[in-house]
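Me: I have a new structure to look through. Can you take some quick questions on it?

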Amino acid sequence: LALSVMNQAMVMIHPSKLVAHRGYQAKYPENTALSLIKAIEAGALFIELDVQFSGDRLPIIYHDTDLQRVSGQSGSVLTAARDELLSCPAYEPQRLGDTFKGEKISPLESLVDILVAQPEVTAFVELKEESIEHCGRALIIESVQQILQSVAQQTVLMSFDYPLAIAARAAGWPWVGVVLQSWDDLNHADVALARPDYIYSDHTNIPEDCDLTSIPALSNAVLVTYEVGTSELGQKLLARHVDMLETFEIEALQSP
């Protein structure tokens, strides 16, 4: 038993290496204020959340465009007014039952309150491609910057959409990230133009024989991999010079 505990302690990971994916998603409904706060209470120094825009082009914290999976009802985020969406539950009924039915969809503004209360925490704000197509990059950048300006130093604006990352950089946002659509995109001209502070990649997209220390695009960026479900996998990735790990299991992976 003592050896088992020792081995377990050896594979725990420091919170500075971990990102809470959609908050504390393993135990709470994703992308809710509750999930984000619970991740921080569990020790997270970095949280990640997704942003979609409503039919009246206002930002909410939500991953899907369809309301069914998270809110248990039909309809689209992209056509409903934000006031209507903010009265909708966000409880992931298929995964979590009715336990969190009282949780509601949160506006992006709720992130500001969370970060002001937790100045040591950094948030990765992923701006979703469907909303970029729905609203246009200029509107999204302007809206998000206006809301998050007071916590700019605690927020990283990021997207699979490389031109949006470029626009965020051009607009003067202090921290910018890209989510790679493919590993080969490390050589994409738009990724270089964005000059990302953080580069996200699915860990399964990294070639087995790749020496991460030899890639110029990674020399000035922090490499974050997702979705890392176990501390063993996390340690293997860190040993390969991955910088940070995004996980739904924020508490299970971290050291005390």
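Me: Where does Gln-145 sit?
Reply: This is a predicted model. In it, Gln-145 belongs to helix H8.

Me: Is Gln-145 buried or exposed?
Reply: Gln-145 is buried. Its relative accessibility is 14%, and buried means under 20%.

Me: Which residues does Gln-145 contact, leaving aside neighbours within four places in sequence?
Reply: Ala-171 and Trp-173.

Me: OK, on to helix H9. Which of its residues are buried?
Reply: H9 covers residues 162-170. The buried ones are Tyr-162, Leu-164, Ala-165, Ala-168 and Arg-169.

Me: Why do the buried residues of H9 line one face?
Reply: Look down the axis of H9. The buried residues fall within an arc of 160°, so they line one face of the helix.

Me: And what covers the buried residues of H9?
Reply: Helices and strands both take part. The cover includes helices H7 (129-135), H8 (137-148) and H10 (189-194). It also includes strands E5 (122-127), E6 (155-159) and E7 (176-179).

Me: What happens at the start of H9?
Reply: Asp-161 has a side-chain oxygen within 2.8 Å of the backbone nitrogen of Leu-164.

Me: And just after H9?
Reply: There, Gly-172 takes a positive phi, about 90°.

Me: New topic. How many residues are in the largest nonpolar core?
Reply: It has 65 residues. Ile-47, Leu-111, Leu-148 and Trp-183 touch the most other members.

Me: What does Leu-111 contact, beyond neighbours within four places in sequence?
Reply: Its contacts are Ile-47, Leu-49, Ile-61, Ala-123, Val-125, Leu-148 and Thr-155.

Me: Now zoom out. How many helices and strands are in the protein chain?
Reply: There are 12 helices and 10 strands.

Me: How compact is the protein chain?
Reply: Its radius of gyration is 18 Å, close to the 18 Å that the globule rule gives for 256 residues, so the chain is as compact as a globular protein of that length. The C-alpha atoms fill a box of roughly 55 × 45 × 30 Å along the principal axes.

Me: What share of the 256 residues is buried?
Reply: Buried residues make up 53%.

Me: Last one. Of contacts between residues at least 6 apart in sequence, what share joins residues at least 24 apart?
Reply: In the protein chain, that share is 59%.

Definitions and conventions: Residues are numbered from 1 along each chain as its sequence is written. This is a predicted model: local features need pLDDT of at least 70, side-chain atom pairs count only at pLDDT 80 or more; totals for chains, interfaces and linings use all residues. Side-chain values use heavy atoms; hydrogens and water are left out. Buried means under 20% relative accessible area, exposed over 50%, partly exposed in between (1.4 Å probe, protein chains only). Helices (H or I, at least four residues) and strands (E, at least two) are DSSP runs, numbered from the N terminus. The arc is that of the directions from the helix axis to the C-beta atoms. Contact means heavy atoms within 4.5 Å. A polar contact is a pair of N or O atoms within 3.5 Å; within protein, one must be able to donate a hydrogen and the other to accept it, and residues adjacent in sequence count only if both atoms are side-chain atoms. A nonpolar core is a set of buried Ala, Val, Leu, Ile, Met, Phe, Trp, Tyr and Cys residues joined through side-chain atoms within 4.5 Å. The radius of gyration is taken over C-alpha atoms; the globule rule is 2.2 Å times the number of residues to the power 0.38.
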